[in-house]
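Subject: Structure handover

Hello,

Here is the structure you are taking over, followed by notes on what was found in it. Please read the notes with the coordinates open.

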2 protein chains.
Amino acid sequence: MNDSSSKMGSGDKLLLAALHLIAEKGYNGVTTLEIATAAGLSEKTLFRHFGTKQKLLEAAFDRYHYAEEMKKLFAEKLVWDLERDLLLVSTTYHEIMNRNRKMIQISLKEDEGQLPGFRARTQKHPQQLLEILTNYFIEMSAQGKIVTSNPEMHAFTFIIMHFGAFMNDLDAQKSYPGINLAPFVQESVRLFARALRP
Amino acid sequence: MNDSSSKMGSGDKLLLAALHLIAEKGYNGVTTLEIATAAGLSEKTLFRHFGTKQKLLEAAFDRYHYAEEMKKLFAEKLVWDLERDLLLVSTTYHEIMNRNRKMIQISLKEDEGQLPGFRARTQKHPQQLLEILTNYFIEMSAQGKIVTSNPEMHAFTFIIMHFGAFMNDLDAQKSYPGINLAPFVQESVRLFARALRP
DNA sequence: GAAAAGACTGTCAGTACTTACTGACATATG
DNA sequence: CATATGTCAGTAAGTACTGACAGTCTTTTC
C-alpha cells in the first residue's frame, strides 16, 4: 500500500500519500492520521511539516502538477499529415492527462469552493489543445488536405472523445472494462481521418 | 435555493435536498442539518423519516434513479438509416444521462466502498447502449450500408465521445464553456456518418 | 575519537470543535 | 385522538491540531 521507497524524504512521503488517498476517498473522506500512517509516519510529523491539512493538499498540488506549454510542444512536431498528427495530438493528450491523473480525480471530487484555483489549473491543458487543434484544422483545410465545415466543433469533438476515453480509464470501476486505451487511440484516429478526408 | 414547492411531502423535500447537496459537495461535505434546512425542515424530521444519513442517501437513490430497459426503447425505433439512427441513439443517451445527472455526479465523487452498488447501477445504461450500437453496426455492415472493420470499437468510440461531452456539460466549471450540446450532437453524428460511409 | 549540538521524529495526553443521532415535551392540524 | 413537526438540550464519537518530553541520528567541534 506504500509508495515510500525508503530514500524519499518525509515531506514527499506525506505528499504522495495525501495525493493518493484524497484522490481515492475525497478530501473530507480521509483523516490526517490515515495519511500519516499510509506514509509510514506519525500524525505529528504531518503537522510539523505542513501546519494544516489544507496546506498539505496545496503543497501536494504545487509539487505534483505538471504544466508544460503545449503550443511549444507542437510547434515543431506537426508534419501536416493528418493521421500522423492526430495520433501525436491524442497520445500527447493522454500522456499529460495521465501525469495529472490524481489531480484530475481530486478536482472532480471536490467542489470549487474548497479548492480555489484547482479546476482552473487542471483545465489549462485541454483548453490549449482545443486552440491548437482548431488552428491546425483551419490550416489543413486551407491546404486542401481535409474538409471541415466547422473546425472548432470538429476539434472539440476529437478532444472530447479522448477525454471520454480518459475518464472511462480513470476509474478502477470503469464503465467499459474490456477496452484498452492504445487500440482505441489508433482506431479513433483512423476513423477521424476518414471523416475529414476530402 | 429550494426546490420544495409547497405541495411536496416532507420526505420528498428531504430526498431532493439531499440529492442536490450531496451531488454538489459530496456525502461527507454535507451535514444532516444543512440538508434539513435546505428542505425547509428540522433536522429531527430528517431522522424521523430516514433513521440515518446513509439510509437517506439510499432512499434518494432508489427514488430518483431512472432505469428503463434500453433494448425495448430501440427495438421499434431504429429505421436503418445511419444518420437518423445515430441521432436517435445520441439524443436518447443524453436524455437518460441527464435524468440521472445527480446520481452520476454522486457516484463520481464517492468511492465504491461507501456506496455499495451505486456505480453498478449508474453504469447499466452505458453498457446496454454499447451492446445495442455494436449489434446495430454489425447489421448495417452486413446490409452494406456502412464500412466497419471493428464494430465494437466504433460503437465504443461513438458513445465515449458523447460521454465526454456529457461530462463536460455536467459541471458548472466546465472545460469548454463555449460549446453547447445540441449543435455538438448534430455535428458529431454527421462526422461519424461520414467516417463510416462505404 | 569523543562530546556536544542540532535536526527530525515518535509517544502520549489533551483541547476544541463538529456532527450524527436521541429523548422529552410542546404544538399544530385533521 | 392520531400523525407530523418543531424546539431544545444533550450524548458519543470523530477529528484537526497542540504541547511537553524523549529518543535517534547526523553534523559539527574540540
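Please keep in mind that the model is predicted. Where does Trp80(A) lie? Its place is the loop of chain A that runs between helix H5 (70-75) and helix H6 (82-99). The backbone deserves a look as well: although Trp80(A) is not a glycine, its phi is positive, at about 60°.

For chain B, the entries on this residue read as follows. Trp80(B) sits in the loop between helix H5 (70-75) and helix H6 (82-99) of chain B. Its phi is positive, about 60°, and Trp80(B) is not a glycine either. With a relative accessible area of 31%, Trp80(B) is partly exposed.

**Chain A as a whole**

What secondary structure does chain A contain? The assignment gives 11 helices and zero strands, so the pattern along the sequence reads α-α-α-α-α-α-α-α-α-α-α. The C-alpha trace of chain A spans about 65 × 35 × 35 Å along its principal axes.

Of the 198 residues in chain A, 52% are buried. The accessible surface of the chain is about 9,000 Å², and carbon and sulfur atoms account for 52% of that surface. Taking the contacts in chain A between residues at least 6 apart in sequence, 68% join residues at least 24 apart.

On charges, chain A has 24 positive and 23 negative ones.

**The interface between chain A and chain B**

How many residues does each chain bring to the contact? Chain A gives 45 residues and chain B gives 45 residues. About 4,200 Å² is buried between the two chains, with 62% of this area coming from carbon and sulfur atoms. On the chain A side, the residues that lose the most area to chain B are Phe156(A), Tyr176(A) and Leu191(A), which together make up 15% of what that side buries.

How many salt bridges does the rule find across the interface of chain A and chain B? The count is zero. The rule asks for a side-chain nitrogen of Lys or Arg within 4 Å of a carboxyl oxygen of Asp or Glu.

Regards

Key
Residues are numbered from 1 along each chain as its sequence is written. Chains are lettered from A and ligands numbered from 1 in the order in which they are written. This is a predicted model: local features need pLDDT of at least 70, side-chain atom pairs count only at pLDDT 80 or more; totals for chains, interfaces and linings use all residues. Side-chain values use heavy atoms; hydrogens and water are left out. Helices (H or I, at least four residues) and strands (E, at least two) are DSSP runs, numbered from the N terminus. Buried means under 20% relative accessible area, exposed over 50%, partly exposed in between (1.4 Å probe, protein chains only). Contact means heavy atoms within 4.5 Å. Accessible areas come from the Shrake-Rupley method with a 1.4 Å probe; for residues, only the protein chains shown count as cover. Lys and Arg count as positive and Asp and Glu as negative; His and the chain ends are not counted. The place of a charge is taken as NZ of Lys, CZ of Arg, CG of Asp or CD of Glu. Buried area is the accessible area (1.4 Å probe) that two parts lose on being put together, summed over both.
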